[in-house]
Amino acid sequence: MGAAPQEPHDRGRVEVRRSARRSRTVSAYREGDRTVVLIPARMSPADEQRWVAQMLEKLAAQEKRRVPGDEALMARARELSAAHLAGRAAPVQVRWVTNQNSRWGSCTPSEGTIRLSHRLQGMPDYVLDYVLLHELAHLLVPDHGPAFWALLEAYPRTERARGYLEGVASAARLPHIPGARHGAPGGDPAGSCG
């Protein structure tokens, strides 16, 4: 059993498990923050690397297709509000939008609406949860003052999610990365509400 090298598109650690009973098939699944790849014991190191990369791409594509719909976003918003805001943030509507290229999310507290950028689709759940919780907090406190940030202290992955979003925004501004998006947001990584 060995660990394959990390790939840039990888989510977490990769654990390769070799099996003498496995003769031809390769499979993979997520287990928490790591990916487990099952391969035949006789596979060469070069084939192992190729298969690990292929399985990581396959899992990422499957996860990207499983984007939650607006109803699932609303359900998740209710769960996050109950877990981290004592249920006090009660949005009227939560939905994906494709017209937010300079923000990750936004809300209109007077209407109780939250909009999340489609660019969040396919990002890790803890990042989506952070942005959703950020916008839920704006339903209670419209600005980014101390009372607002005190609400977000209840979410244990705030700093990790902010770091992830800052990295995505920074990478999008680099001119020579294939597929980079230009004009990414700056400042607060979750965006701000109007």
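How many of the 194 residues of the chain count as buried? The share is 41%, where buried means under 20% relative accessible area, exposed over 50% and partly exposed in between, with a 1.4 Å probe and protein chains only.

1. **What you are looking at.** This is a predicted model, in which local features need pLDDT of at least 70 and side-chain atom pairs count only at pLDDT 80 or more, while totals for chains, interfaces and linings use all residues. Residues are numbered from 1 along each chain as its sequence is written, and side-chain values use heavy atoms, with hydrogens and water left out.

2. **The layout.** The chain has five helices and six strands, taken as DSSP runs numbered from the N terminus (helices: H or I, at least four residues; strands: E, at least two). Among contacts (heavy atoms within 4.5 Å) between residues at least 6 apart in sequence, 47% join residues at least 24 apart.

3. **The largest core.** The largest nonpolar core contains 32 residues. Such a core is a set of buried Ala, Val, Leu, Ile, Met, Phe, Trp, Tyr and Cys residues joined through side-chain atoms within 4.5 Å. At least two of its residues come from each of helix H2 (70-84), strand E4 (93-97), strand E6 (113-117), helix H3 (125-140), helix H4 (146-152) and helix H5 (158-173). H3 gives the most, with 10 residues. Ile 114, Leu 116, Leu 120, Leu 136 and Leu 165 have the most contacts inside this core.

4. **Leu 120 up close.** Leaving out residues up to four places away in sequence, Leu 120 touches Trp 96, Trp 104, Val 127, Leu 128, Val 131 and Leu 165. Another core lies apart from the largest one; this other core has 11 residues, including Ala 28, Val 37, Met 55 and Leu 56.

5. **H3 against H5.** How do these two helices cross? Their axes come within 9 Å, at roughly 100°; axes are lines fitted to C-alpha atoms, for helices over the stretch in contact, and angles run from 0 to 180 degrees between N-to-C directions. H3 and H5 are therefore roughly perpendicular to each other, on a scale where under 35 degrees is roughly parallel, over 145 roughly antiparallel, 65 to 115 roughly perpendicular and the rest oblique. H3 brings Tyr 126, Val 127, Tyr 130 and Val 131 to the contact, and H5 brings Thr 158, Arg 160, Ala 161, Arg 162, Tyr 164 and Leu 165.

6. **H2 against H3.** These axes come within 10 Å and cross at roughly 70°, so H2 and H3 are also roughly perpendicular to each other. Leu 73, Arg 76, Ala 77, Leu 80, Ser 81 and His 84 of H2 meet Leu 128, Asp 129, Leu 132, Leu 133 and Leu 136 of H3.

7. **Two buried loop residues.** Val 26 sits in the loop between strand E1 (13-19) and strand E2 (27-31), and counts as buried because its relative accessibility is 15%. Its C-alpha atom is 5.6 Å from that of Leu 38, 12 residues apart along the chain. Gln 100 is in the loop between E4 and strand E5 (105-108), and counts as buried because its relative accessibility is 9%. Beyond its neighbours within four places in sequence, Gln 100 is in contact with Gly 105, Ser 106, Arg 115, Leu 116, Ser 117 and Arg 119.
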